[in-house]
Amino acid sequence: MSCGTALMAPGRRRIPAATAALVLAVTAVLAACAAPPRAAARLAAATAPAGLTQVTGFGSNPGGLQMFRYVPATARPDAPLVVVLHGCTQNAAGFYAGSGWPKYANAWGFDLVFPQQTLLNNPAACFDWWTPADDSRGSGEAESIRQMIQYMQARYSINRSRIYVTGASAGGGLAADLLADYPDVFAGGAIDSGPAAQCAAGVLGALGCGLGTVSHTPAQWGALARAADPGYTGPYPRLAVWQGTADPVVNVTNATNAMEQWTSLWGISQTPSATRALPGGTTERSYGSPGGPPAVETFLISGMGHALAVDPGPAAAQCGRAGPLFAARICSSYYTAVFWGLP
């Protein structure tokens, strides 16, 4: 199965076979498949990750997901927690090995949770970001992930004001939904090669999101996110958006959509307050008040296709392992962690 087919592949339990065949056929055509000194010093002393541990019995688990955790020996009291969502055709172990997140958990003393989709839910192992029964507050896969966080809070010293979620491809789509569903839980998030929050409410809508044909004003995008938790009146999580400009599966317009959505939620301008060039042909744009920490950042990677950006190597700003759906361009996990203030 190609990566494009996998991104939009619906769970067999959710739609008629004829519709699934249509979506798979169309998406198959689409697919081709500077480090702060303190951060660098701490990375030099980091130890190798020991591996994942599966957790069972973490809650009622209405979404039928699996949970894996990584708590490094270096985890500090009142540690941040990062939830990491794999993409289609991937699993928790592969994303643990390829994404680079364990390196920074070891170096900076935070905990990790890797939810895993099951083939019973979705034959391509895609998290379901397009079905309200799975991607809404208190329901399905979104609630399962919330229960994983509660499990960690009950058993480890977790800083409740420093919980983050990131994901790639379909995992990025669900990460976006989670940020809108639970703005009271997350301090920040990251979407890697995925759509904006609540971009679709069905399979064909998900296809339109991937193609880049879903169009809203910034205010309309913001309203979609606010509707996910309509009673919420507090500040929204900070957001990093990573996107390849040559992505044949998730059109580059999705990065603009997510930026417009989150700047609307924050009530800030869609004009960047700062722009800089980063390695790997990456352009970073920051949104927020000049002189203060940005609320939103976008990272557009010139010529990159559908992948999580990594940069294998030992340096502070290098991480991950290149391979299918992992492109050797820049360590997105490092820059996301720095944006969140984890070092």
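An open sheet of 10 strands, with mixed pairing, runs in the order β1-β2-β4-β3-β5-β6-β7-β10-β9-β8. The model is predicted, with local features needing pLDDT of at least 70 and side-chain atom pairs pLDDT 80 or more, while totals for chains, interfaces and linings use all residues. Residues are numbered from 1 along each chain as its sequence is written, and side-chain values use heavy atoms, leaving out hydrogens and water. Strands (E, at least two residues) and helices (H or I, at least four) are DSSP runs numbered from the N terminus; two strands pair if DSSP finds at least two bridges between them.

β1 and β8 each have a single partner strand, so one side of each lacks a neighbour in the sheet. On average, neighbouring strands are turned by 20° against each other, direction ignored; axes are lines fitted to C-alpha atoms, for helices over the stretch in contact, and angles run from 0 to 180 degrees between N-to-C directions. β8 pairs with β9 in the antiparallel sense over five bridges, and arginine 276 stands opposite glutamate 284 in β9. Helix α11 packs on the sheet, and its direction makes about 170° with that of β7. This helix touches the following strands (contact means heavy atoms within 4.5 Å).

| Strand touched by α11 | Residues |
|---|---|
| β6 | 188-192 |
| β7 | 238-244 |
| β10 | 296-301 |
| β9 | 282-287 |

The structure also holds 14 aromatic pairs (ring centres of Phe, Tyr and Trp, the last by its six-membered ring, within 6.5 Å; planes under 30 degrees apart are stacked, over 60 edge-to-face, the rest tilted). Tyrosine 104 and tryptophan 108 form a stacked pair, 4.9 Å centre to centre with 25° between the planes. Both belong to helix α5, where being four residues apart separates them by about one helical turn.
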